[in-house]
Amino acid sequence: MFASDNWVTYMWLLLAVYACVILYFVIRGARKTTNIADYAVGTIGFPSWVVGLSLAASMTSAATFIINPGFIALYGLSGVLSFGIILPIAAFISLIVLTKGFAKYGSTVKATTMAQWMGQRYQNKNYAFFFGVIALLLITFIVLINVGLTQVIAKSLNLEPFYVLMGITVFVFGYMMFGGANSMVYTNTIQAIIMFIVALILIGSGYEFMDGGISGFLDKLNDIDPNLTKPTNETSFLFRDYFEIIAAQIVIGVAVVCQPHIITKSLLLKDPKKVNTYLFSGISFMIVFFLVVVVGLYARISFPDFTVNGEKLKMDEIIPAYVVTKFSVVTGLIIVVGLISAGLSTLESLIQSLSITITSDILQPIFKNKVSKNTFVINKIVIVILAIVSFLLSWHQIKYPNVSVAIFAQNGVYAYFAAAFVPVLFGIFLKDVSIKVVFIASITALVVHFGIYYGRITPYMQEPVNNPGVSAAIAIVTSLLVGLVLYKFTNNSKLKTS
């Protein structure tokens with residue numbers, strides 16, 4: 001039991017109000033959603049800064065606010081450097097460079113999904129189908145968010161996680177059957193504003209630990225474990241050296257943008273010329289969001305041995321426990337709503353993008369007219385199936401976590417954007433790219449990533465739990481080199497034959 005009776009009562013009331021607000025915007029958006037295209041990219045001309053806030057809410061999720069700070073609580077400053085500084089800088093630069101080209105081409109060909117963009121850019125329906133299939137890897141990200149939300153709400157209501165997970169699944173997947181992009185931009189914008197306020201509260205919550213200044217704060221961490229104050233942490237499996245902390249995270253940060261719920265957000269812009277405003281508003285909010293990882297340091301000082309009331313905390317429970325035990329009822333409830341917003345914003349985007357991909361890019365090519373005539377209805381059935389699958393996987397991760405659900409999610413998500421990076425990059429910046437080049441590059445990325453991780457290749461893969469970021473970074477670089485060599489070779493062959 002973490003929460004007081006007063007906390008639980010007020011939490012129920014606040015969740016009811018929050019749910020009503022979401023449903024209001026869902027109903028409002030659903031009235032303007034008449035087909036699958038409306039569901040995918042919307043019919044409303046949203047201001048570019050609003051779409052930017054939607055991007056910020058989608059790109060920073062429960063992982064940013066709940067899961068990643070748990071890693072920092074375990075491993076200290078090395079994690080802050082990796083997750084709070086290196087990864088965001090690389091991601092922001094990549095977002096600026098890739099989004100402009102993607103938005104311009106996407107508006108020209110009227111693509112509504114990542115797979116469609118791939119298929120139309122390379123004029124190959126089989127490649128679009130291939131990307132539709134590997135998009136199923138993103139279910140792992142849905143699982144991560146489900147687990148994060150479940151832990152927060154379960155701790156706040158003193159409920160069993162099973163019933164909380166069931167409620168989240170029924171509610172969120174239920175309303176996502178109807179609203180789509182028209183309602184999602186509204187809800188994401190509100191969620192981003194709440195997240196911004198909560199991020200500032202959380203970042204400032206460590207003020208009491210600063211009575212001796214920064215050096216005094218570091219001394220407190222050093223007294224708990226000297227490894228917490230070192231730039232590298234040899235006892236971790238994520239931050240052992242600068243390759244893991246800097247090199248691998250730069251590669252991951254650059255490629256992480258190539259996820260459908262992130263890069264396709266620019267397709268909501270009715271005027272691609274507004275992309276600068278869109279990027280500025282999104283990145284401004286995300287800078288603050290990514291700094292929330294420092295809360296993990298505050299939590300470690302609060303729970304030096306990771307116990308609360310004699311109960312040992314799992315890694316994914318650390319931040320929820322910190323919020324419930326640290327703050328007053330009013331402030332704590334605001335923070336919990338912010339954490340829920342962080343999860344829901346990305347969960348909504350993932351459900352929307354993945355369901356459309358399954359309907360339009362997997363089922364429609366197989367069943368053709370049978371799907372074309374009923375895409376909107378079939379998309380709702382797909383969401384129901386996604387709900388069942390994600391519930392079962394999420395419950396398994398809650399019951400039998402492998403350190404953290406983040407490792408499970410990273411393995412799937414990193415594989416996806418490793419495969420997507422070269423075709424997106426080449427599709428934006430190179431001309432006359434053969435479909436064989438990008439297809440082989442994508443396959444290379446998947447084989448190298450999963451081969452290194454599950455084959456336990458390289459010294460980084462010898463622990464009981466390993467870092468998917470290392471295998472994915474190697475896979476992305478290998479895929480890029482293979483793609484460049486093949487591109488050069490095929491172009492030289494064309495010149496010789498001509």
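I looked up Lys220 and found a relative accessible area of 26%, so Lys220 is partly exposed; buried means under 20% relative accessible area, exposed over 50%, and partly exposed in between (1.4 Å probe, protein chains only). Its partner in a salt bridge is Asp211, with the closest N and O atoms 2.9 Å apart. I took a salt bridge to be a side-chain nitrogen of Lys or Arg within 4 Å of a carboxyl oxygen of Asp or Glu. Asp211 has 65% relative accessibility and therefore counts as exposed.

**Ground rules**

I note that this is a predicted model, in which local features need pLDDT of at least 70 and side-chain atom pairs count only at pLDDT 80 or more, while totals for chains, interfaces and linings use all residues. Residues are numbered from 1 along each chain as its sequence is written, and side-chain values use heavy atoms, with hydrogens and water left out.

**Confidence**

I checked pLDDT, the predictor's confidence in each residue, from 0 to 100. The protein has a mean of 86, and 92% of its residues reach 70 or more. Confidence is lowest in helix H2 (residues 36–41), at a mean of 61. It is highest in helix H21 (residues 435–455), at 96. Where pLDDT is low, the predicted coordinates should not be read in detail.

**Overall build**

I listed 22 helices and two strands. These are DSSP runs, numbered from the N terminus: helices are H or I with at least four residues, strands are E with at least two. The C-alpha trace spans about 75 × 50 × 40 Å along its principal axes.

I then compared the radius of gyration with the globule rule. For 498 residues a compact globule would come near 23 Å, and the protein has 22 Å, which agrees. The radius is taken over C-alpha atoms, and the rule is 2.2 Å times the number of residues to the power 0.38.

Of the 498 residues, 60% are buried. The accessible surface is about 19,300 Å², and 67% of that belongs to carbon and sulfur atoms; the areas come from the Shrake-Rupley method with a 1.4 Å probe, and for residues only the protein chains shown count as cover.

I also looked at contacts, meaning heavy atoms within 4.5 Å. Among those between residues at least 6 apart in sequence, 83% join residues at least 24 apart.

How many salt bridges does a search of the whole structure find? The search gives five.

One of them joins Lys155 and Glu317, with the closest N and O atoms 3.1 Å apart. Lys155 lies in helix H8 (residues 139–157) and Glu317 in the loop between strand E2 (311–312) and helix H16 (318–326), so the pair ties together parts that are 162 residues apart in sequence. Both Lys155 and Glu317 are buried.

Another joins the side chains of Arg240 and Glu463 at 3.9 Å, N to O. Arg240 sits in the loop between helix H11 (213–224) and helix H12 (242–255), and Glu463 in the loop between H21 and helix H22 (468–497), so this pair ties together parts that are 223 residues apart in sequence. Arg240 counts as buried because its relative accessibility is 14%, whereas Glu463, at 34%, counts as partly exposed. Salt bridges that share partners join Arg240, Glu244 and Glu463 into one network.

**Cysteines**

I searched for disulfides, each a pair of cysteine sulfur atoms within 2.5 Å, and the structure holds zero. I looked up two cysteines. Cys20 is exposed, at 52% relative accessibility. Cys258 is buried, with a relative accessible area of 0%.

**Positive phi**

Most residues other than glycine have a negative phi, and most peptide bonds are trans. I noted Phe306, which is not a glycine and has a positive phi near 60°. Phe306 is in the loop between helix H15 (295–302) and strand E1 (307–308), and its relative accessibility of 10% makes it buried.

Asp432 is not a glycine either, and its phi is positive at about 55°. Asp432 falls in the loop between helix H20 (405–429) and H21. Is Asp432 buried or exposed? Asp432 is exposed, with a relative accessible area of 59%.

**Thr169**

Thr169 counts as buried at 7% relative accessibility. Leaving aside neighbours within four places in sequence, Thr169 is in contact with Gly174, Ala387 and Phe391.
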